[in-house]
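The notes go under the entry.

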Amino acid sequence: MSSEENKAVVRKAIETVNKQDLSLVDDLVAPNYFDHTTQQGLEQHKEFLAMLFKGFPDLLMTIEDMIAEGDRVWVRTN
Amino acid sequence: MSLEENKAIIRRYYEAANKHNVDLAAELVAPDFIDYTNKIEGLESLKQFGNMLIKGFPDLHWTIEDIVAEEDKVWVRTTVTGTHKGEYRGVPPTGEKITMRCVDIWRIVDGKIAEAWAVDDLLDFYKKLGIRVT
């Protein structure tokens, strides 16, 4: 995957959050996904998103800036 | 400037910051520098900001956890630690050790740091200093 392809995956993931559609998460997130900051895997991540969508039905992430190098993509959002 | 050269400039900036040498850090920064997050414009304003941090947290230390670059930008993930031993923004010293997780975004123009954005996790910082965020 190129850096631009990796960025496209992350853009899609953020669009998924904005659509509040959990059914799309499995297409974009690996089964062995791990968030090092929250120490959570995929199932916990989905539970977190469900909680977030319930609490903030108009939640909107706006991409302000994005960078990619190697296998990593960094995004600045509002 | 190559991506690796830009990264090297940013690494030197954090080294100067860790030495608490604001003048050395400022040598890497453009005169019309602007930090959109911390509302810093120009070198004097940047030095004042640095000195204020060091006064409040005399053992302040940045650890670079990760660094990436693309085009004219360098993004850095840091862990910042320090002990609140001096007055900081009107808050008297609490002696509390604070840890912040930060992402700093730098734009480099002609070998000088020209623009900055910061995304900081300040929850621990505010809690330890007893600052209520409203």
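Below are my entries on the interface and then on the pockets.

Conventions. I am working on a predicted model, where local features need pLDDT of at least 70, side-chain atom pairs count only at pLDDT 80 or more, and totals for chains, interfaces and linings use all residues. Residues are numbered from 1 along each chain as its sequence is written, chains are lettered from A and ligands numbered from 1 in the order in which they are written, and side-chain values use heavy atoms, with hydrogens and water left out.

Interface, extent. I looked up the contacts (heavy atoms within 4.5 Å) and found 11 residues of chain A touching 15 residues of chain B. I then took the buried area, meaning the accessible area (1.4 Å probe) that two parts lose on being put together, summed over both. The value for chain A and chain B is about 1200 Å², with 58% of it on carbon and sulfur atoms. On the chain A side, A:Ile67, A:Trp74 and A:Arg76 lose the most area, together 53% of what that side buries.

I counted salt bridges (a side-chain nitrogen of Lys or Arg within 4 Å of a carboxyl oxygen of Asp or Glu) and got four between chain A and chain B. One of them joins A:Lys7 to B:Glu70, with the closest N and O atoms 2.8 Å apart.

Interface, elements. I used helices (H or I, at least four residues) and strands (E, at least two) as DSSP runs, numbered from the N terminus. Strand 3 (63–69) and strand 4 (72–77) of chain A each supply at least two residues of the side that touches chain B. Strand 3 of chain A has the largest share, five residues.

Largest pocket. I searched a 1 Å grid over the protein atoms alone for pockets (open sets of points where a 1.4 Å probe fits, with protein on both sides within 12 Å along at least five of seven lines; lining residues have an atom within 4 Å of a point). The volume, the space filled by probe spheres set on the points, is about 2300 Å³ for the largest pocket. Its lining has 49 residues, and A:Tyr33, A:Asp35, A:Thr37, A:Val73 and A:Val75 are the closest to its centre. Helix 1 (residues 3–19) of chain A gives the most to this lining, seven residues.

Second largest pocket. I noted a volume of about 710 Å³. Of its 36 lining residues, B:Asn38, B:Phe49, B:Leu53, B:Trp62 and B:Asp120 are the closest to the centre. Helix 3 of chain B supplies the largest share, six residues.
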